[in-house]
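Hello,

Here is the structure for you to look over. My notes on one helix pair follow below it.

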Amino acid sequence: MEITSYAALWFLPFALPLCAYTIYTDLAFMRITNVTVIALAAVFVIIGPIVLPFDSYLWHLLAMVAALVVGIFMNAGGLMGAGDAKFIAAATPFFALGDLQFLMALFMTTLIAAYIIHRAAKYSPLRKLAPQWVSWHEAKKFPMGLALGTVLGAYLMLGAYFGA
């Protein structure tokens with residue numbers, strides 16, 4: 001992995017609770033809150049200069065802006081929710097460009113697993129643990145925050161252990 005263990009260990013204690021909260025709010029309310037997204041972006045803006053070379057830090061910030069612009073257009077086209085687009089933008093600078101192939105495989109695997117697990121739980125007795133969750137009642141929509149938060153958290157944990 002190209003992300004350094006040093007960077008991942010610095011990001012992890014701040015980003016992981018935000019990932020968990022994103023997963024919860026998207027499952028329970030089908031919403032990824034602006035406060036969570038802003039806090040995630042702030043984690044990178046504040047800690048990034050400490051753990052990354054400054055030129056790399058600036059490129060990561062540019063990637064966040066580019067992801068936000070693409071996400072806005074995808075949201076306008078009805079391809080994804082606004083919260084998903086904003087979370088992707090806020091999470092983008094945490095990923096090292098050299099890990100892109102690994103990241104795509106991690107995302108695809110996580111997305112498939114999240115979909116299967118969510119749908120299986122929806123039609124099982126596990127649903128009774130949180131019967132009020134909005135995501136159980138959605139026929140066509142899927143809480144992407146479940147996959148997105150899991151990917152960022154897993155990436156940082158793997159980076160902490162296997163990073164450069």
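Predicted model: local features only at pLDDT ≥ 70, side-chain atom pairs only at ≥ 80, totals over all residues.

Residues are numbered from 1 along each chain as its sequence is written, and side-chain values use heavy atoms, without hydrogens and water.

α5 covers residues 100-122 and α6 residues 144-162. Their axes lie 9 Å apart, at an angle of about 135 degrees. That makes α5 oblique to α6 (under 35 degrees is roughly parallel, over 145 roughly antiparallel, 65 to 115 roughly perpendicular, the rest oblique).

From α5, the contact (heavy atoms within 4.5 Å) includes F102, L103, L106 and F107. Among their partners in α6 are M144, A147, L148 and V151. The residues of this contact are 14 nonpolar, three polar and no charged.

F107 sits in α5. F107 is partly exposed, at 25% relative accessible area (buried is under 20%, exposed over 50%, partly exposed in between). Beyond its neighbours within four places in sequence, F107 touches M144, A147, L148 and V151. F107 and A120 are 13 residues apart in sequence and 20 Å apart C-alpha to C-alpha.

On annotation, an unreviewed UniProt entry gives "domain: Prepilin type IV endopeptidase peptidase" for residues 16-115. That stretch is 81% helix and 0% strand. Its end C-alpha atoms are 21 Å apart.

Best wishes

Terms used
Axes fitted to C-alpha atoms, helices over the stretch in contact; angles between N-to-C directions. Helix = DSSP H or I, 4+ residues; strand = E, 2+ residues; numbered from the N terminus. Nonpolar A, V, L, I, M, F, W, Y, C, P; charged D, E, K, R; others polar. UniProt positions renumbered as here; feature names shortened; annotations may be inferred. Buried < 20%, exposed > 50% of the residue type's maximum accessible area, 1.4 Å probe, protein only.
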